[in-house]
Amino acid sequence: MKHNIIVVISGDGSNLQAIIDKIHRTDYPAKITQIISNQKNAHGLQRAKNAKITTKYIKNDKLFEDNLQKIIDEDRPKLIVLAGFMRILNGDFVENNKGKIINIHPSLLPKYKGLNTHQRVINDKQKKHGATVHYVSNKLDSGKIISQVEIDILSGDTADTLKKRVLEQEHHLYPKTIQQLLEKL
Ligand code: GRF
(Lines give C-alpha, C1' and ligand atoms only; values in the text may rest on other atoms or scores of the structure.)
Protein backbone atom coordinates (compact mmCIF):
# COMPACT_ATOMS: atom_id res chain seq x y z
CA MET A 1 0.00 0.00 0.00
CA LYS A 2 1.20 3.51 -0.84
CA HIS A 3 1.04 6.21 1.83
CA ASN A 4 1.04 9.90 0.96
CA ILE A 5 4.14 11.87 1.89
CA ILE A 6 5.22 15.39 1.09
CA VAL A 7 8.84 16.44 0.76
CA VAL A 8 9.99 19.94 1.72
CA ILE A 9 13.24 21.32 0.33
CA SER A 10 15.32 24.48 -0.05
CA GLY A 11 18.23 23.49 -2.25
CA ASP A 12 19.86 20.86 -4.41
CA GLY A 13 17.45 18.09 -3.50
CA SER A 14 19.84 15.16 -3.81
CA ASN A 15 18.06 13.41 -0.93
CA LEU A 16 14.77 14.16 -2.64
CA GLN A 17 16.18 12.50 -5.77
CA ALA A 18 17.13 9.41 -3.79
CA ILE A 19 13.51 9.17 -2.59
CA ILE A 20 12.08 9.85 -6.07
CA ASP A 21 14.24 7.02 -7.42
CA LYS A 22 12.40 4.60 -5.13
CA ILE A 23 8.78 5.67 -5.36
CA HIS A 24 8.04 4.08 -8.72
CA ARG A 25 8.79 0.68 -7.31
CA THR A 26 5.58 -1.13 -6.54
CA ASP A 27 6.94 -2.40 -3.24
CA TYR A 28 7.96 1.07 -1.99
CA PRO A 29 5.22 2.25 0.40
CA ALA A 30 5.25 5.99 -0.43
CA LYS A 31 3.63 8.30 -2.95
CA ILE A 32 4.91 11.90 -3.03
CA THR A 33 1.82 14.08 -3.42
CA GLN A 34 3.75 17.36 -3.59
CA ILE A 35 7.23 18.77 -3.34
CA ILE A 36 7.37 22.09 -1.54
CA SER A 37 10.21 24.61 -1.60
CA ASN A 38 10.71 27.87 0.26
CA GLN A 39 13.28 28.86 -2.39
CA LYS A 40 12.02 29.68 -5.87
CA ASN A 41 15.14 28.53 -7.67
CA ALA A 42 15.90 25.39 -5.70
CA HIS A 43 17.40 22.79 -8.02
CA GLY A 44 15.22 20.19 -6.32
CA LEU A 45 12.16 21.75 -7.99
CA GLN A 46 13.62 20.84 -11.36
CA ARG A 47 14.19 17.28 -10.16
CA ALA A 48 10.53 17.18 -9.11
CA LYS A 49 9.37 18.46 -12.49
CA ASN A 50 11.53 15.91 -14.28
CA ALA A 51 9.78 13.23 -12.25
CA LYS A 52 6.38 14.80 -13.04
CA ILE A 53 5.55 15.43 -9.41
CA THR A 54 3.49 18.48 -8.41
CA THR A 55 5.60 21.27 -6.96
CA LYS A 56 4.78 24.33 -4.97
CA TYR A 57 6.91 27.30 -4.04
CA ILE A 58 5.85 28.85 -0.74
CA LYS A 59 7.38 32.21 0.06
CA ASN A 60 9.68 32.04 3.06
CA ASP A 61 7.77 34.61 5.12
CA LYS A 62 5.80 34.51 8.33
CA LEU A 63 2.85 32.84 6.60
CA PHE A 64 4.98 29.90 5.45
CA GLU A 65 3.72 27.47 8.08
CA ASP A 66 0.05 28.42 7.56
CA ASN A 67 0.42 27.89 3.83
CA LEU A 68 2.17 24.57 4.32
CA GLN A 69 -0.52 23.46 6.77
CA LYS A 70 -3.19 24.06 4.10
CA ILE A 71 -1.43 21.60 1.81
CA ILE A 72 -1.06 19.09 4.63
CA ASP A 73 -4.76 19.36 5.45
CA GLU A 74 -5.61 18.62 1.82
CA ASP A 75 -3.12 15.86 1.09
CA ARG A 76 -3.13 14.27 4.55
CA PRO A 77 0.44 12.96 4.29
CA LYS A 78 1.58 10.30 6.75
CA LEU A 79 5.03 11.91 6.77
CA ILE A 80 6.34 15.42 6.13
CA VAL A 81 9.87 14.78 4.94
CA LEU A 82 12.33 17.67 5.31
CA ALA A 83 15.25 17.22 2.92
CA GLY A 84 17.79 20.01 2.93
CA PHE A 85 15.09 22.38 4.16
CA MET A 86 16.61 25.54 5.62
CA ARG A 87 14.08 27.08 7.98
CA ILE A 88 13.24 26.49 11.60
CA LEU A 89 9.53 25.67 11.62
CA ASN A 90 7.48 27.47 14.25
CA GLY A 91 6.46 25.72 17.44
CA ASP A 92 2.72 25.65 16.73
CA PHE A 93 3.28 23.99 13.38
CA VAL A 94 5.60 21.40 14.88
CA GLU A 95 3.12 20.68 17.69
CA ASN A 96 0.19 20.35 15.27
CA ASN A 97 2.11 17.81 13.19
CA LYS A 98 3.86 16.02 16.01
CA GLY A 99 5.35 12.65 15.16
CA LYS A 100 4.96 13.24 11.42
CA ILE A 101 7.80 15.61 10.55
CA ILE A 102 11.18 14.01 9.94
CA ASN A 103 14.53 15.49 8.96
CA ILE A 104 17.97 14.29 7.92
CA HIS A 105 20.95 15.96 9.51
CA PRO A 106 24.61 15.46 8.52
CA SER A 107 26.10 14.45 11.86
CA LEU A 108 25.92 11.76 14.48
CA LEU A 109 23.33 13.53 16.60
CA PRO A 110 23.21 14.54 19.40
CA LYS A 111 26.70 15.65 18.39
CA TYR A 112 27.12 18.58 15.98
CA LYS A 113 23.69 20.16 15.74
CA GLY A 114 23.41 23.16 13.43
CA LEU A 115 25.44 24.17 10.38
CA ASN A 116 28.92 23.38 8.97
CA THR A 117 29.05 19.97 10.60
CA HIS A 118 31.68 18.56 8.23
CA GLN A 119 34.21 21.31 8.93
CA ARG A 120 33.51 21.21 12.66
CA VAL A 121 34.20 17.47 12.99
CA ILE A 122 37.49 17.93 11.14
CA ASN A 123 38.48 20.88 13.33
CA ASP A 124 37.73 18.75 16.38
CA LYS A 125 39.81 15.84 15.04
CA GLN A 126 36.90 13.43 15.33
CA LYS A 127 37.34 9.86 14.05
CA LYS A 128 33.70 9.20 13.14
CA HIS A 129 31.04 11.20 11.37
CA GLY A 130 27.72 10.40 9.74
CA ALA A 131 24.09 11.32 9.36
CA THR A 132 20.93 11.01 11.42
CA VAL A 133 17.24 10.84 10.61
CA HIS A 134 15.19 12.28 13.46
CA TYR A 135 11.74 13.54 14.32
CA VAL A 136 11.48 17.32 14.30
CA SER A 137 10.82 18.87 17.68
CA ASN A 138 10.75 22.41 18.98
CA LYS A 139 14.51 22.45 19.53
CA LEU A 140 16.89 22.49 16.55
CA ASP A 141 18.15 19.01 15.58
CA SER A 142 17.04 17.63 18.94
CA GLY A 143 13.99 15.43 18.26
CA LYS A 144 13.96 11.68 18.80
CA ILE A 145 16.55 9.83 16.73
CA ILE A 146 15.12 7.31 14.27
CA SER A 147 18.18 6.01 12.41
CA GLN A 148 21.85 6.75 11.87
CA VAL A 149 24.71 5.87 9.57
CA GLU A 150 28.33 6.18 10.65
CA ILE A 151 31.47 6.56 8.54
CA ASP A 152 35.17 6.80 9.35
CA ILE A 153 36.89 10.13 8.87
CA LEU A 154 40.01 9.51 6.75
CA SER A 155 43.30 11.29 7.33
CA GLY A 156 43.15 13.31 4.09
CA ASP A 157 39.50 14.29 4.43
CA THR A 158 38.41 17.87 3.85
CA ALA A 159 34.94 19.25 4.57
CA ASP A 160 34.13 18.69 0.89
CA THR A 161 35.26 15.07 0.64
CA LEU A 162 33.53 14.28 3.89
CA LYS A 163 30.31 15.97 2.80
CA LYS A 164 30.32 13.91 -0.39
CA ARG A 165 30.80 10.59 1.42
CA VAL A 166 28.19 11.44 4.06
CA LEU A 167 25.69 12.48 1.36
CA GLU A 168 26.15 9.14 -0.43
CA GLN A 169 25.19 7.42 2.80
CA GLU A 170 22.26 9.80 3.35
CA HIS A 171 20.88 8.72 0.00
CA HIS A 172 20.61 5.13 1.28
CA LEU A 173 19.56 5.97 4.82
CA TYR A 174 16.71 8.38 4.13
CA PRO A 175 14.63 6.31 1.65
CA LYS A 176 15.21 3.19 3.77
CA THR A 177 14.10 4.92 6.98
CA ILE A 178 10.99 6.36 5.31
CA GLN A 179 10.14 2.86 4.10
CA GLN A 180 10.56 1.38 7.58
CA LEU A 181 8.42 4.07 9.19
CA LEU A 182 5.61 3.67 6.66
CA GLU A 183 5.66 -0.12 6.86
CA LYS A 184 4.98 0.14 10.57
CA LEU A 185 1.72 2.05 10.02
C1 GRF B 1 22.11 17.22 3.50
O2 GRF B 1 23.43 17.14 3.94
C3 GRF B 1 21.16 17.05 4.66
O4 GRF B 1 21.66 16.20 5.65
C5 GRF B 1 21.06 18.45 5.20
O6 GRF B 1 21.10 19.28 4.07
C7 GRF B 1 21.76 18.62 3.00
C8 GRF B 1 20.76 18.58 1.88
O9 GRF B 1 21.25 18.14 0.70
N10 GRF B 1 19.85 18.59 5.99
P11 GRF B 1 20.26 17.89 -0.52
O12 GRF B 1 19.48 19.19 -0.78
O13 GRF B 1 19.34 16.75 -0.18
O14 GRF B 1 21.17 17.57 -1.67
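Which residues are around the ligand? They are D12, G13, S14, N15, G84, I104, H105, P106 and E170, each with a heavy atom within 4 Å of the ligand. Before we go on, please keep in mind that this is a predicted model, in which local features need pLDDT of at least 70 and side-chain atom pairs count only at pLDDT 80 or more, while totals for chains, interfaces and linings use all residues. Residues are numbered from 1 along each chain as its sequence is written, and side-chain values use heavy atoms, with hydrogens and water left out.

Let us stay with the ligand. Both α1 (14–23) and β5 contribute at least two residues to the shell around the ligand; helices (H or I, at least four residues) and strands (E, at least two) are DSSP runs, numbered from the N terminus. A backbone N or O atom of G13 is 2.8 Å from an oxygen atom of the ligand, and a polar backbone atom of N15 lies 2.9 Å from a ligand oxygen. From E170, a polar side-chain atom comes to 2.8 Å from an oxygen atom of the ligand. On its own the ligand has 370 Å² of accessible area, and the protein covers 84% of it (Shrake-Rupley method, 1.4 Å probe).

N15 leads us on to A83, since A83 touches V7, V8, I9, S10, N15, L16 and Y174, leaving aside residues up to four places away in sequence; contact here means heavy atoms within 4.5 Å. You will find A83 in the loop between β4 (79–82) and α4 (91–96). A83 counts as buried because its relative accessibility is 5%, where buried means under 20% relative accessible area, exposed over 50%, and partly exposed in between (1.4 Å probe, protein chains only).

Now for some backbone details in other loops. R76, in the loop between α3 (64–75) and β4, has a positive phi of about 45° although it is not a glycine. With 66% relative accessibility, R76 counts as exposed. D141 also has a positive phi, near 55°, and is a residue other than glycine. D141 belongs to the loop between β6 (128–135) and β7 (145–152), and its relative accessible area of 10% makes D141 buried.

Finally, look at P110, in the loop between β5 (101–105) and α5 (117–123). The peptide bond leading from L109 to P110 is cis, with omega near 10°.

Terms used. Polar contact = N/O pair within 3.5 Å; in protein donor to acceptor, adjacent residues only side chain to side chain.
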